[in-house]
Amino acid sequence: MASSVLRVAIVLLSVAVFFGVAAGGKPLVVSHDGRSLLLDGRRRIIISGSIHYPRSTPEMWPGLFQKAKEGGLDAIETYIFWNAHEPERRQYNFEGRLDFIKFVKAVQQAGLYAIIRIGPYVCAEWNYGGLPVWLHNIPGLQMRTNNAAFEYEMATFTRKIVYMIKEAGLLASQGGPIILLQIENEYGNVISPYGNAGKAYLNWAAKLALSMNVSVPWIMCQESDAPPPMINTCNGFYCDQFEPNSSTSPKMWTENWTGWFKNYGGTHPHRPVEDIAYAVARFFQTGGTLQNYYMYHGGTNFDRSAGGPFITTSYDYDAPLDEYGYARQPKWGHLKDLHSSLKMMEKALTYGTRQNITLGDQLVASIYKTEDGTSGCFLSNTNDSVDATVTFNGIKYFLPAWSVSILPDCKNAVFNSAKVNVPTSLISVKEDASGHALRNWQWHKELVFYNLRAPDVFPAQKLLEQISTTVDHSDYLWYSTGVHVSEEDPFWNNGQVVLRVNTSGHALHIFVNHVHVGFGYGRGTFVVEQPVELKPGKNYITLLSVTVGLQNYGAFFDLAPAGISSGPVEIVGQNNATKDLTSKLWMYKTGLKGLEDLSNSPETFRWRTKGLPRNSSLTWYKAEFEAPEGEDAVVVDLGSMGKGYAWVNGKNIGRYWPLYTAPKNECSTPCDYKGAYGPSKCTTGCDEPTQRRYHVPRSWLQEGSNTLVLFEEVGGEPSGVSFKTVHNDRLCSSASSKGSGDDKQLVHLQCPSGRTISSIKFASFGDPQGSCGAFKIGSCHAPDSQSILEKACLGRESCSVSVSEEDFKSSCRLPTMSLAVEALC
Ligand code: GAL
């Protein structure tokens, strides 16, 4: 008893020593040399993961950090989102999800370090890359270049953030968790179009950073011109080939993309964990010492925060923690195994000298050795299709194609990037078990003339660009004009004409005489041609232009126009005769009158209860519901709706657009992890809505009645809407008796902690077909498979069964026998 208490105390003490500075609040000196970051003078390996504070809720943060810590991370990285914090010039918001100070403190409480990438341009699939749109309208201001007006605003905001960090004591030197800061973001990718002014801006940004006296190193990612002491770091799917631009900068990787983001109308990208682990292992094999997963938890683009155009509300990213915060297996677990094997050789990797030995074509052994004899080794096979067996120090090792083995003692391979010993998890989405349906549906039609008679309507004798006009106060801009037509007009054709609108997007609704007649959307500048019917005399042509996330990447991205900007808008009739409406007097209004009324005086908003409309454009819906019981994540399934916004208890859960489906033939499963990954490589979800379920954070729900409000633009079926719960309760594991190398194969199942295996949904020893969630019995099947698995696993948190012919009574025999299992936790 006494000794176990002692042991616990020693473990706690060593944990405290390891994270002493972060958790204990003792000042820590962060420096670096050409090899690594030095924490209190000691070289370190740092494994970090991106979690962006506005993409989850403060209630979710501690759980996410705990899972990051359990997953073997040392640090959490986040950007700072300027336009969220300063939506209007000098009006700041650091509340709720935007309370980054609270976020960083929670990182520290979890025993983790923090890396803060201030930017304040961040890209990040975030609206306008994080830059406030009000910058756009400051006369003479040019963004991300040597321009005094921009530099003044950027310096003001950056200084404010650094001041807040210091005031809260969050720098490592103050006993806080922050060990690194970043200025700008990937400027090197776009610098050349900015010419000399770009170079001057880069140097200015470095000076600004250094002037703030932060006592931790500054980084500039993807910036090979970073002026020392700014450290340039690498972003990408692979960074083993990267070398920093100075011999005093360590080799650091700020963005290892764990998957990719989604666009409405696109498929779901998946990056296989075998490939991520391969890339990470290659990075450390080639001298890397700090690596950050972008994203470790992607989360949700709530409200209008998604960049674009067309980036989805879900920012799941196929990250190790899924949108809801559940461990995505085997990704999370396999990377955890990788981290612990890398940590075993931290000293050798940071203090040892490296020797590479070629063991064959694309087969390399890297040996790290310190003077005191501490060593660590990597064996890599970079061939993307051919497995190999190598001999190293007289021992044979099997190296699957595109894999790296880690040998912390240079003898025993404790990890191979292609051998995943973690079961696969699947989520199940269930109807709310408490059976509460949405009730008390009400509706309201967003009428065109309410908008055109609103007090803030204003005229202009031309077509206006949308971003400069709305200044991002809304996605919506109304354009309306009156046109007199008669039977004498050359285009007349009995009033059967086409309205041709040249627009810079992103989506467009067309109304003639206040009736909705058409909808279109597209990328870049595109043309919508809508057959319409005009009457003799005056006709009102109204166009509602809708942005779907402002562009966030590229040189001069901030200048990409939106809306109908320069047109033309034309009526096209018989014999192609046209009438140009471009220079007419147009009336404008930013935003939806309905939304203003609903926000300003919800009590007097005219909700109707009778005759709930279906397939109705520009319609508001409201319904009440009870929060689903339990603690599992909640989503609202909007698969029956078209395009719009959803609010739960007044909180905007994001843009929805289930009508926009992924292409039929761009999916590439089954997916082979071998070979260089790109976002189009392993995709799913073809011919389905890119996103039909929208995350509703638990903390936004209350006991008793809750309210859902939808604004539907194109038409949908509200009765199809339902709340569902998301469970990470399904597990799969499979293994083969031969062909996968030299080890004895095991099928291993492991439930999330505190849960046990409640049923075996599928078990087959033989040649089972398909993949997790869709396994099928093949031509050879041992009938006792199910009972053997049930006996070994039911009621347990985890179990292992070996793939052995002696244990299963199978009448058939194949050169390779496999066991596949799906279980429920
Ligand atoms: C990088 C950028 C990140 C993010 C990523 C893609 O270029 O620095 O902010 O946009 O691409 O997810």
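Student: Which side chain meets Asp 372 in a salt bridge?

Tutor: Lys 347, at 2.6 Å from N to O; a salt bridge here is a side-chain nitrogen of Lys or Arg within 4 Å of a carboxyl oxygen of Asp or Glu. This is a predicted model, where local features need pLDDT of at least 70, side-chain atom pairs count only at pLDDT 80 or more, and totals for chains, interfaces and linings use all residues. Residues are numbered from 1 along each chain as its sequence is written, and side-chain values use heavy atoms, without hydrogens and water.

Student: Is Asp 372 buried or exposed?

Tutor: Exposed, at 53% relative accessibility. Lys 347 is partly exposed at 41%. Buried means under 20% relative accessible area, exposed over 50%, partly exposed in between (1.4 Å probe, protein chains only).

Student: How many salt bridges in the whole structure?

Tutor: The search finds 35. One of them pairs Arg 117 with Glu 77, with the closest N and O atoms 2.3 Å apart. Arg 117 lies in strand β6 (residues 113-119) and Glu 77 in strand β5, so the pair ties together parts 40 residues apart in sequence. Both Arg 117 and Glu 77 are buried.

Student: Switching to α3, which residues are buried there?

Tutor: Trp 61, Leu 64, Phe 65 and Ala 68, in a helix spanning residues 61-70.

How values were computed
Helices (H or I, at least four residues) and strands (E, at least two) are DSSP runs, numbered from the N terminus.
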